[in-house]
Amino acid sequence: MGRSGRVTLNDVAKASGVSRATVSFVLNDDPRQTISAATRQRVLDAAHDLGYVVHGIARALREGSSRIVVLHVDHGMEGNFSRSYVQGLDEELAEHDHVLLVRHGQGAPQSTQKILDAIAPRAVLRLGEVYMQGVEPPEDWENGFAANAALQIGHLAEHGHTRIAMALPDHEFPLTEARLRFAREAARRLGLPPLERFVVPRPREASAAAVEAFVSAHPDVTAVAAFDDDIALRTLTACRDLGRRVPEDVAVIGFDETEYGSLSTPALTTVHIDAEILGRIAARNALGIDSGGLAPVPGHIVARASV
């Protein structure tokens, strides 16, 4: 173009032969304006040819917030569920001209607030927040987190296991209590005895010692439902180190499938959860857009050799 500096609305207006206001209406997709398809396309073509980029700060001042949505993913929440959730959230926001910023771990409240003040986000979300508050959505036992937990216990019950233990991490993660609560309720609904529980810590030697102590004290337990695939793989390794056969002596099932489960010996049976649609629903809710027509995808069992 033979010029330097930022391309402005005036530049686009001059190139497309319309007013600056018309350019603004088109680029902001203002639903209150009636603009012909030909004019709209001429403005879009001019903006594209000039390399026009929306001025984020100016738009944030005009709209009252930026087009950024912030998602907090607490430590211990990373996994296939969170990855698919983030993918759906990110893609849906992008389709509506918004950007996703993901913060991992536990940031200091002061630093987090500074970031939020600086970017003035459209919305701030926290993965799994509803469960951390002890709230269970009414549909949860149909296609939500509780239903996925019930899949895990139900699969063991279908294979004849009645005495089941829940293997937990050695650090309290945000959803530990929710997972344990759902598993226990699933067992109760199936008419099974109350679930036992034990912790499988790091490192490898500690895992083996914990598993040995538990199974020695509870010889009637024939199956272990793990908090996630990581805990399940620790349990599998401990059983192998102790000379206990899986699944002949004890069955082991994971949760929130990772690729590593298919590489273990025996290969790990687990629960696969696809949360992409949940991410898309969250995006629409954050933007005030109707999420009708979007329904969560039910989880399913990935049956391998450990059960």
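Residues are numbered from 1 along each chain as its sequence is written. Because the model is predicted, local features need pLDDT of at least 70 and side-chain atom pairs count only at pLDDT 80 or more, while totals for chains, interfaces and linings use all residues; side-chain values use heavy atoms, leaving out hydrogens and water.

**Exercise 1. Work out which residues of helix α1 are buried and what covers them.**

Step 1: Helices (H or I, at least four residues) and strands (E, at least two) are DSSP runs, numbered from the N terminus. Buried means under 20% relative accessible area, exposed over 50%, and partly exposed in between (1.4 Å probe, protein chains only).

Step 2: go through α1, residues 9–16. Leu 9, Val 12, Ala 13 and Ser 16 are buried. Looking down the axis of α1, these fall within an arc of 100° (taken from the directions from the helix axis to the C-beta atoms), so they line one face of the helix.

Step 3: turn to the other side, where Lys 14 and Ala 15 are exposed. Asp 11, also in α1, is partly exposed at 22%.

Step 4: find the cover. It includes α2 (20–27) and α3 (37–50), counting contact as heavy atoms within 4.5 Å. After α1 comes Gly 17, with a positive phi near 75°.

**Exercise 2. Describe how strand β4 (164–168) sits among its neighbours.**

Step 1: check burial. Five of the five residues of β4 are buried, so the strand is largely enclosed by the rest of the structure. Ile 164, Met 166 and Leu 168 are on one side, with Ala 165 and Ala 167 on the other.

Step 2: list the partners (two strands pair if DSSP finds at least two bridges between them). β4 pairs with β6 in the parallel sense over four bridges, and four bridges also join β4 to the parallel strand β5 (residues 196–199). Ala 165 stands opposite Val 224 in β6, and its bridge partner in β5 is Glu 196.

**Exercise 3. Find the largest nonpolar core and say which element gives the most to it.**

Step 1: a nonpolar core is a set of buried Ala, Val, Leu, Ile, Met, Phe, Trp, Tyr and Cys residues joined through side-chain atoms within 4.5 Å. The largest has 39 residues, and those with the most contacts inside it include Ile 153, Phe 198 and Val 252.

Step 2: α12 gives the most, with six residues.

Step 3: look for another. Apart from this core lies one of 25 residues, among them Val 69, Ala 123, Phe 255 and Ala 275.
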